[in-house]
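Subject: Structure for your review

Dear colleague,

Please find below the structure that I am handing over to you. I would be grateful if you could read the notes that come after it with the model open.

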Amino acid sequence: MSETSRQALGARVLAPETDAVERRGPQPQEPVSTAPEARITIAPERLVQRWDDAQARALAYLEALGIAEPERGSLARAALMRAADTSGSDAVADTLATLRVLLMDAYPASPRPWDAALDPFVAWRLDAALSSRFTTPHPNASDGPSADAAGANGSAHTPLPDGDGAAPRFRSAPPLHRGRMVPDPIERRIFRRLMLRLRGKRSHGPGTTDRAKLRERRRLLPWTRVATRRRALLAFFVFLPSVVASGFMVNVLPRQGGTWLEVAIVVFFGALFSWISIGFWTALFGFLILARGRERFAITNLDAAVERPLDGGARTAIVMPICAEPVERVFAGLRAIHASLARVGALEYFHFFVLSDTADPDVAMREEAAWFRWCREVDGFARIFYRRRRVRLRRKSGNVADFCRRWGHDYRYMVMLDADSVMAGETLVRMVRMMEARPDVGVIQTAPAAVNRCSLFARVQQFGSRVYGPMFAAGLHYWQLGDGQYWGHNAIIRVAPFMAHCALPRLPGKPPLGGEILSHDFVEAALMGRAGWTLWLAYDLGGSYEEVPSTLLEEMKRDRRWCQGNLQHLRLLFTEGLFGAHRALFLNGVLSYVSALLWFTFLTLSTAEVIQNALREPNYFPSGPSLFPAWPIWRPNWARALLAVTGMILFLPKLLSVALIVVKRREARLYGGFGKLALSMLVEILISSLLAPIRMVFHSRFVLLNLLGRTVTWRSQEREDSETGWGEAIRHHGVDTVVACLWGGSLFWLNPDYFWWVMPIIGALIVSIPLSVYASHVRLGARARAAGLFLIPEEIAPPRELRDVEELTEVAERAAAESGPALVIGAHDHATSAAPSGFVRAVVDPGQSAVHCALQGAPRSARASILARREALTTRVLVEGPGALTVGERDVLLRDPQRVDELHRRVWVAAEPAERR
């Protein structure tokens, strides 16, 4: 090729850009001369290299950095000119290498203390990401102090000094402040305890050697005597009506309990009647508390002197453990809480911790990116933290315990959240004030309202929770007082006693009844009470929200996990030192699932009684002396009366709840008006009556499987509105439907009268498949809302926090959907129309890649075999795409900062632009 040809090629490659783009970002300190008439000479052996690709790749990289068009074109042409002027074997690689040098010269970064441990260009990219050098602030970044000023001078983040004196580095979590959290000795075996007492010995631990002192201290608290009287009253109201109802059942049966089968029927009926009576009396006394409008022992009763600014030492950690949750929704909820605290002027007293147990590196990288964006936009690096555990032991309880051991000593309180939790800033501040006013309190649990779901099933659950929930919560407070529950979220905890007494032991034996304690919250509450601390339910404290499962099957998946965890509490029922109220709560948690098996057994025994009477000829003259035949006696009127009483116990609390809304609080308009409220209640009763037998069968199956040694896989709850397909519904409800059809047909043939008594249960099971499918539909939920059904106050007049959650989630989801991949990695990566995965972003995006490398810390030495294996994984990613690697293999690469940076450089050289695919 002639000299003229080479110059023509250079003119074509280096032609100036013509598109006009608005200038943003700072100007280069020393603009590089890129005059349009500049020409270069390219060596003949380099003419065949990819110079067009080199210029396009340089422009794409500068665009990914966020550099504006005028500087972008100038820098790309300058890099190409310098690369062409040197010897090399790859135009793209040489151009990008030259571009890195030009960028660091044109936009020098402010020196930072961690730069010495990082590759210079990684440190430069991290500085650009921290200072938002080339980007404009997020339009919705209004939930805290602006980061603009910090970004302008490059001081958006100042690392805290390490406690061990090591060199500081960029971190997503504060320096360690190690503490101790190990399980206390727990003696569960009642007979061993009795033997030790007979020998004059006692086991060690809180609530054992100091049990007398604890009881004496509790007796001095004003609520303890009242609690004793109230619980005795509850026992009386539950026991006496159950005995009377069982007597009625004896007279309803044809032989008045004269057979073993009828005796069993009466026993199971009495147990079930007692169970529903507990709920009835709890609701009734809750109604009395709310109707009266005051409760002298309510934890929310604060003196005026307490309503003063918080003590500087009352630092509170807002802790959210997550595991493969919807990233946009999780961080939208936290940002709404952050903004609410900023509005009430209490942000300085609270730190945020996102504790991730996510195993999938794609989701984990999205979490990391969301944390970084949030911190950068609100200048929150000193109060918003993120940590992903490498070793995920003991699920949520282990994650929380790990937080306590690392940073618990830095905080007086911690507020525990679930991934779907939202709390108002005023509520959080008031909870801290309540803890400050009551030094004997270890936990304050709120009663969160269910919100934000759209499917028909979820809307029914939200409506029931919002209408009936406050009355039941008030009733629970009435019985429990200072021996309340902890539900694992939307609660504030005093950190020091939690660390000292609430570490969980491992139960002996194998799962499901042994091993790790799954339903940890009840156990932690019992251990806190065992150590002498009180626990309260703030039943009348608003501003606390959660979300419910969107489908029946999703709820059953959650209940199967809870069932296994609650059944484990049977092994802790006789633990040394527990107070009676917490033993009762353990038993209550067990019965919440075992009661379904009791109901199923009662129906089975009743059916057996009917079949026996239909197939066997009655024996009117049994053996033994008798003057008269033994006639079977049926009393249908007694049965109807018993059914009416049972119905009153089940449905009267719902009527009382509506009466409170309409008469006492005068809030019917917040539920769509009295007519819509009444109609919603009637439809809710109908749907709940259809769902109850379905839940009974599922819960009975769960209990039996656990007792047979079958355990469950612990998966994260589905936090988004998903719908149930017909295939999934048939798979889960099909057998129940067939059995219900056979059951109903047999009863109708043998005893049509009894068939109509159990038809509501049989009918619900027969229609379980279409009910499960249609109840999951978001479209039907939207129609119900449009018709004014199942409305709740949070929809009529949504609080600011819930509006923020919705807006921030929509913005984040839209941004994720609109962000197309800059590069396509490997031959099998087909993500051309979807947003890139978290792994791809962590490798391709210059800013996120630098952030991730910096967060991994200094690289660790490894054996040659390990390095060779990682090199092989890198090659597979480049050739076949990230999909060719397993989750664990992708995680291995992401844990190695050197490998991530090398992969970042090689991907930009070897991968293809997305638009070409």
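The notes below cover salt bridges, surface charge, strand pairing and backbone geometry.

The model is predicted, so local features need pLDDT of at least 70 and side-chain atom pairs count only at pLDDT 80 or more, while totals for chains, interfaces and linings use all residues. Residues are numbered from 1 along each chain as its sequence is written, and side-chain values use heavy atoms, with hydrogens and water left out.

Salt bridges

The structure contains 41 salt bridges, each defined as a side-chain nitrogen of Lys or Arg within 4 Å of a carboxyl oxygen of Asp or Glu. One of them joins the side chains of R343 and D804, at 3.5 Å from N to O. Because R343 belongs to helix α11 (residues 327–343) and D804 to helix α27, this pair ties together parts that are 461 residues apart in sequence. Helices here are DSSP runs of H or I with at least four residues, strands are runs of E with at least two, and both are numbered from the N terminus. D804 is buried, at a relative accessible area of 11%, whereas R343 is partly exposed at 39%. In these terms, buried means under 20% relative accessible area, exposed means over 50%, and partly exposed lies in between (1.4 Å probe, protein chains only).

A further salt bridge links E436 and R412, with 2.9 Å from N to O. E436 sits in helix α14 (residues 425–437) and R412 in the loop between α13 (395–407) and β4 (413–416), so the pair connects parts 24 residues apart in sequence. E436 is partly exposed, with 30% relative accessibility, and R412 is partly exposed at 30% as well.

R895 also forms a salt bridge with D891, where the closest N and O atoms are 3.6 Å apart; D891 is buried, with a relative accessible area of 13%.

Surface charge

A patch of negative charge on the surface is formed by E806, E807, E810 and E813. Patches are made of residues with over 30% relative accessible area and no salt bridge, with like charges joined within 9 Å. E806 is part of helix α27 (residues 800–818).

Strand pairing

An open sheet of three strands runs in the order β5-β10-β7, with mixed pairing. Its edge strands are β5 (422–423) and β7 (449–450), each of which pairs on one side only. Two strands count as paired if DSSP finds at least two bridges between them. β7 pairs with strand β10 (residues 544–546) in the parallel sense over two bridges, and A450 stands opposite E546 in β10.

Backbone geometry

Most residues other than glycine have a negative phi, and most peptide bonds are trans. The peptide bond from P511 to P512 is cis, with omega near 15°; P512 is placed in the loop between α16 (495–501) and α17 (520–530). A324 has a positive phi, near 55°, and is located in the loop between β1 (316–322) and α11. A324 is partly exposed, with a relative accessible area of 42%. R394 likewise has a positive phi, of about 60°. R394 is in the loop between β3 (384–388) and α13 and is partly exposed, at 30%.

With kind regards

How values were computed:
Patch = residues over 30% accessible without salt bridge, like charges linked within 9 Å, V, L, I, M, F, W, Y side chains within 5 Å. Areas by Shrake-Rupley, 256 points an atom, 1.4 Å probe, with all protein chains shown as cover. Lys, Arg positive; Asp, Glu negative; His and termini not counted. Charge placed at Lys NZ, Arg CZ, Asp CG, Glu CD.
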